[in-house]
Amino acid sequence: MALVVICGQPCSGKSIAAITLAESLKESDTKQSVRIIDEASLHLDRNQNYANMPSEKNLRGKLRSDVDRSVSRGDIVIVDSLNSIKGYRYELWCIARAAGIRYCVVYCDVDEAGCREWNKERSNRGEASYVDGVFEDLVRRFERPERRNRWDSPLFELYPSRDGIEKSSLVILEAVTYLTKTVDSKTQVVRVLQPSIATQSARFSEANSLYELDRATQEVINAVVEQQGLGGAISRVTLGNELPPIEICRPVGLPELRRLRRTFVKLMGQASLSGPPLPTGADSAKRRFVDYLNGEFGGQ
């Protein structure tokens, strides 16, 4: 069993990579059983489900649940989706670790201009494509995988616009070897993840909370910058959703806001080790950040 996470910008060749890898695995000496999980297999429309954060979160939840059910069947599971957020790739890595299986990331590295052109060509042919607003938002929020992260390693990098994607591609062959090689006492290049003791559920909770905290605090920062940019001096920033306002007595620049945000996230992470857990909802995270900002600005 193994879990393969396909990662890349929208319209970067991920589906071709997934199909090519699946066919190569089926044709290998081990005759592996392979299953591809993607939006289409769950009858999910890409534009509708990436139109806003709640829909996107729901999409990731459905994909993750299907992955979680599938890794116990003995197949090699290939997740063919954007998988663009590092926190989400961490969650998938946790699933593989809990199942005690192999794991790797296949990254389709294509520049934004190339992805944009491929998306336009797909649209002109009447094929599934992204509307401009959704495409630009996804490109802007993409978090590139880094092999130094355990949830991005081992990392197999493809360059579809330069090299194409074929069964004979070196990276595809290397991935097939990694996924099918027999593990014994002499095997060093293949890593089978081992589940930690009584920590799987805690890790999932931590990943979700960190993701919510990161997104929520960024939305607060955006609101402060936006309302200050409307012109004129303001003394408070309103956020809605029955959240308290941020009281400010002077203009606050983006560098200072970013510094305060980093400090807050670090403090929350440290506090969760011995105190209350991280907030699990966006509004809860925003409320704590607003309280922190009001404390900082109130003493000035």
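1. Basis. The model is predicted, so local features need pLDDT of at least 70 and side-chain atom pairs count only at pLDDT 80 or more, while totals for chains, interfaces and linings use all residues. Residues are numbered from 1 along each chain as its sequence is written, and side-chain values use heavy atoms, with hydrogens and water left out.

2. Largest pocket. The largest pocket holds about 1,200 Å³ of space (on a 1 Å grid over the protein atoms alone, a pocket is an open set of points with protein on both sides within 12 Å along at least five of seven lines, and lining residues have an atom within 4 Å of a point; a volume is the space filled by probe spheres set on the points, which are joined across faces, edges and corners). Its lining comprises 42 residues, of which Ile85, Glu143, Tyr211, Asp214 and Arg215 are the closest to the centre.

3. Its position and lining. Because domain 1 (2–180) and domain 2 (206–298) both give residues to the lining, the largest pocket lies between them; the domain bounds come from an automatic or database assignment. Helix H9 (200–228) is among the helices that supply at least two lining residues, and H9 provides the largest share, 13 residues (helices are DSSP runs of H or I with at least four residues, strands runs of E with at least two, numbered from the N terminus). The lining has 22 charged, 15 nonpolar and 5 polar residues (Asp, Glu, Lys and Arg are charged; Ala, Val, Leu, Ile, Met, Phe, Trp, Tyr, Cys and Pro are nonpolar; the others, Gly among them, are polar).

4. Second largest pocket. About 630 Å³ of space lies here. Cys11, Lys14, Ser15, Arg46 and Arg122 lie nearest the centre, out of 29 lining residues. Elements giving two or more residues are helix H1 (14–26), strand E2 (34–38), helix H2 (46–49) and helix H5 (112–124). H1 gives the most, with 5 residues. The lining divides into 13 nonpolar, 9 charged and 7 polar residues.

5. Cavities. There are 2 cavities of 30 Å³ or more (a cavity is a set of points where a 1.4 Å probe fits but cannot get out). The largest cavity holds about 80 Å³, and its lining includes Tyr50, Glu56, Arg60 and Ile85. H3 contributes the largest share of that lining, 3 residues.
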